[in-house]
Amino acid sequence: MQDTVEPDAAMREVLQTGTQKRAWQHGQQVLIVAAALLSCASVLAQVSHGGVAEALAPPAVPAVSTQPSDTGTTPVPYRVNGDAIDAPLTATPGDAARGRAIVANRRVGLCLLCHAGPIPEERFQGNLAPNLAGSGSRASTGQLRLRLVDARRINPDSIMPAYYRTEGLALVPPALRGKPILDAQQIEDVVAYLHTLERP
Ligand code: HEC
């Protein structure tokens, strides 16, 4: 007659380890989300000309200058034509090498939080968004420009930050209001870089 179903010691251990493992996995997920949020916060915070973000973030070693937007000026007006902004935001043509450095830099563009790209020296690239390789074959420069300026004009549910929009945003600290994440020239540099990325 065997009607007690007390788990024996070995079974108890298996059950316990299972629970711990689930708790650990859950903890890991929470940590990953927290890390992503922190990184996003630093992209926003750093346009406040250094300050706290400067103190917290590890020193960046950009190949070329990728200083955050420091213009402090009102964004230049632009005209959206369908799914594109056809006219460049600046008179100076974009510089693809500078654009690459902005995309690769975790404190300026932060693109690699979500995207992977043909930037082999950067580890831990994102997988929340399409690979940037081939962007230049998939979209015109005008389409790439609007995507960067305000991705939600294309997909209202997009999680991609609006890099050159200052209106209609929530929770922007007063010091950062009216300042886009990237300045107009940086947008042009990134567009120039993406334009060079032909289908692999
Ligand atoms: C928080 C996540 C996130 C960040 C940061 C981000 N993106 Fe995106 N991006 C997306 C997602 C998601 C998509 C897919 C379309 C959509 O949902 O809007 C996308 C789409 C794109 C596309 C179109 C891709 C295609 O081929 O359809 C380009 C180009 C692009 N992003 C470039 C960039 C660049 C350059 C940066 C940095 C300056 C950047 N993104 C930063 C999430 C992000």
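This is a predicted model: local features need pLDDT of at least 70, side-chain atom pairs count only at pLDDT 80 or more; totals for chains, interfaces and linings use all residues.
Reader: How many residues surround the ligand, and which are the closest?

Author: The ligand is surrounded by 25 residues. The closest are Cys111, Cys114, Ala129, Ser158 and Met160.

Reader: Which elements give two or more residues to that shell?

Author: Those elements are helix H4 (135–138), helix H5 (141–149) and helix H6 (184–195).

Reader: And where does the largest share come from?

Author: The largest share comes from H5, which provides three residues of the shell around the ligand.

Reader: What is the make-up of the shell by class?

Author: The shell around the ligand has 18 nonpolar residues, together with five polar and two charged ones.

Reader: Turning to the backbone, what is the phi of Leu110?

Author: Leu110 has a positive phi of about 60 degrees, although this residue is not a glycine.

Reader: Where is Leu110 placed?

Author: Leu110 sits in the loop between helix H3 (96–104) and H4.

Reader: Is Leu110 buried or exposed, and why?

Author: Leu110 counts as buried because 22 C-beta neighbours lie inside 10 Å. The cut-off for a buried residue is 20 or more.

Reader: Now Phe124: what is its phi, please?

Author: The phi of Phe124 is positive, at about 55 degrees, and Phe124 is not a glycine either.

Reader: Where does Phe124 lie?

Author: Phe124 lies in the loop between H3 and H4.

Reader: Buried or exposed, in the case of Phe124, and why?

Author: Phe124 is exposed, because 8 other C-beta atoms are within 10 Å. A residue counts as exposed at 12 or fewer.

Key:
Residues are numbered from 1 along each chain as its sequence is written. A residue is near a molecule or strand if its C-beta atom, placed from the backbone, lies within 6 Å of it. Helices (H or I, at least four residues) and strands (E, at least two) are DSSP runs, numbered from the N terminus. Ala, Val, Leu, Ile, Met, Phe, Trp, Tyr, Cys and Pro count as nonpolar, Asp, Glu, Lys and Arg as charged, and the others, Gly among them, as polar.
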